[in-house]
Amino acid sequence: MKEFIDFGVLPIRVSSRRSLRPHLSLIFRAESKITVGIDTTEGRTPINDFLLITHAHRDHYGHRVMKFEHTIASRETAKALEIISRESFRGRCFEIGDEITENGWKIRTYETFHTPGSTAFYWKNDIGTRILVTGDVKEFKELPKCDLLITEATYGDPQDPSCYFEDDVEGFLNVSDESPAFGAYPFGKAQRAVRLLRESGFSDIIQMDGLSFSLTRAIIGDEEIELLKDDESLKIVSPKELKRVRNRKKFVLSAQKFYRSTITLSDHADFRNLLLMIERCDPELVILYHGGRRAERMRDYLRNSGYFAISLKDVNTIIGDPNDLVEGISRDI
Ligand SMILES: [Zn+2]
């Protein structure tokens, strides 16, 4: 069986004090050693040559690296990060579909339809290995074939019935006539809900909480949205704000089962679609880098199906963060 070394790339994790930094980095050895961070963070002295941020959700850590010039993200991701964190994005931006050049590699960018601006990155290393980093994925039909696929497993447990679902767009649109309040994550889900309503012909005012409003106005420019008022107009608010509004009908837009009243509207591929994506991209190696325990379940499923698959738990090259060493030395002195 081939190993990572045969593909000219080594996945690593960085330890920082008592924990590991999020997600992973890839080390490429050619004339010089190049380290590429994937949805990860840096200490004060960066160790990655450049950082790819797939989208602006907090659990992909763009807000922690937006001050670095070597951070790379789509224009929409950068804009969303600035609104969410109220800081400036100092990295490098691109339009999705653009090709960007780093280390002499031409990196192609693809939309994954998980959030506005969510991006998959594709490039060939110096020995021709095709690498595809997807981040979180909703639609995968435009993604290219690859040798190493680095992807998510949010709904990656084949034994868990909640990992199989279809979006209930019709149910969502049907109840929208009854002036409900919808709970939706402020970035991604909220803009998708507004778009779906407008495409269906809903032209009334939509009220939103402050962050959802700012993001929606900046990203899709809808003029018929306004901030929350104490009335029964249709609302889209973050799930935790749902209990504060007085609409009689309330639904959380999610495929997660821990909310009381949900309408299935997910920004992720379900298990079947994750598998279809993997079949389509046809990799020899798969790294499941997001999804917690479900990444391990999906790894096991893929191994049983003949793939060479690992989860982050299996990345056993751990390097120390040099920032910690410096601090350790100065303390000793
Ligand atoms: Zn996400």
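Guide: Let us begin with arginine 21, which, leaving out residues up to four places away in sequence, touches Arg13, Val14, Ser16, Thr40 and Thr41; two residues are in contact if their C-beta atoms, placed from the backbone, lie within 7 Å. Please keep in mind that this is a predicted model, in which local features need pLDDT of at least 70 and side-chain atom pairs count only at pLDDT 80 or more, while totals for chains, interfaces and linings use all residues. Residues are numbered from 1 along each chain as its sequence is written.

Visitor: Where does arginine 21 sit, then? And is it buried or exposed?

Guide: Arginine 21 is placed in the loop between β2 (19–20) and β3 (24–29), where strands (E, at least two residues) and helices (H or I, at least four) are DSSP runs numbered from the N terminus. Arginine 21 counts as buried because it has 20 C-beta neighbours inside 10 Å; the cut-offs are 20 or more other C-beta atoms within 10 Å for buried, 12 or fewer for exposed, and anything in between for partly exposed.

Visitor: OK, new topic. How is the chain divided into domains?

Guide: The protein chain is split into domain 1 (4–159 + 269–332) and domain 2 (166–263), with bounds that come from an automatic or database domain assignment. The centres of the two domains, taken over C-alpha atoms, are 30 Å apart.

Visitor: How many residues are in contact between them?

Guide: Contacts join 10 residues of domain 1 to 7 residues of domain 2. On the domain 1 side, the touching residues divide into 5 nonpolar, 3 polar and 2 charged.

Visitor: And which residues touch the most others in the largest nonpolar core?

Guide: That core has 82 residues, and those touching the most other members are Tyr122, Leu132, Ile236 and Leu253. At least three residues of this core come from each of domain 1 and domain 2. The term nonpolar core means a set of buried Ala, Val, Leu, Ile, Met, Phe, Trp, Tyr and Cys residues joined through C-beta atoms within 7 Å.

Visitor: What is isoleucine 236 in contact with?

Guide: Setting aside neighbours within four places in sequence, isoleucine 236 has contacts that include Phe182, Ala184, Val194 and Met208.

Visitor: Which phi does tyrosine 61 have, and what about aspartate 282?

Guide: Tyrosine 61 has a positive phi of about 70° although it is not a glycine, and this residue is found in the loop between β5 (50–52) and α1 (62–65). Aspartate 282, also not a glycine, has a positive phi of about 55° and lies in the loop between α6 (271–281) and β19. Tyrosine 61 counts as buried, with 20 C-beta neighbours inside 10 Å, whereas aspartate 282 is exposed, with 12 other C-beta atoms within 10 Å.

Visitor: Last one: how many helices and strands does the protein chain come to?

Guide: The secondary structure comes to 8 helices and 21 strands.

Definitions and conventions:
Ala, Val, Leu, Ile, Met, Phe, Trp, Tyr, Cys and Pro count as nonpolar, Asp, Glu, Lys and Arg as charged, and the others, Gly among them, as polar.
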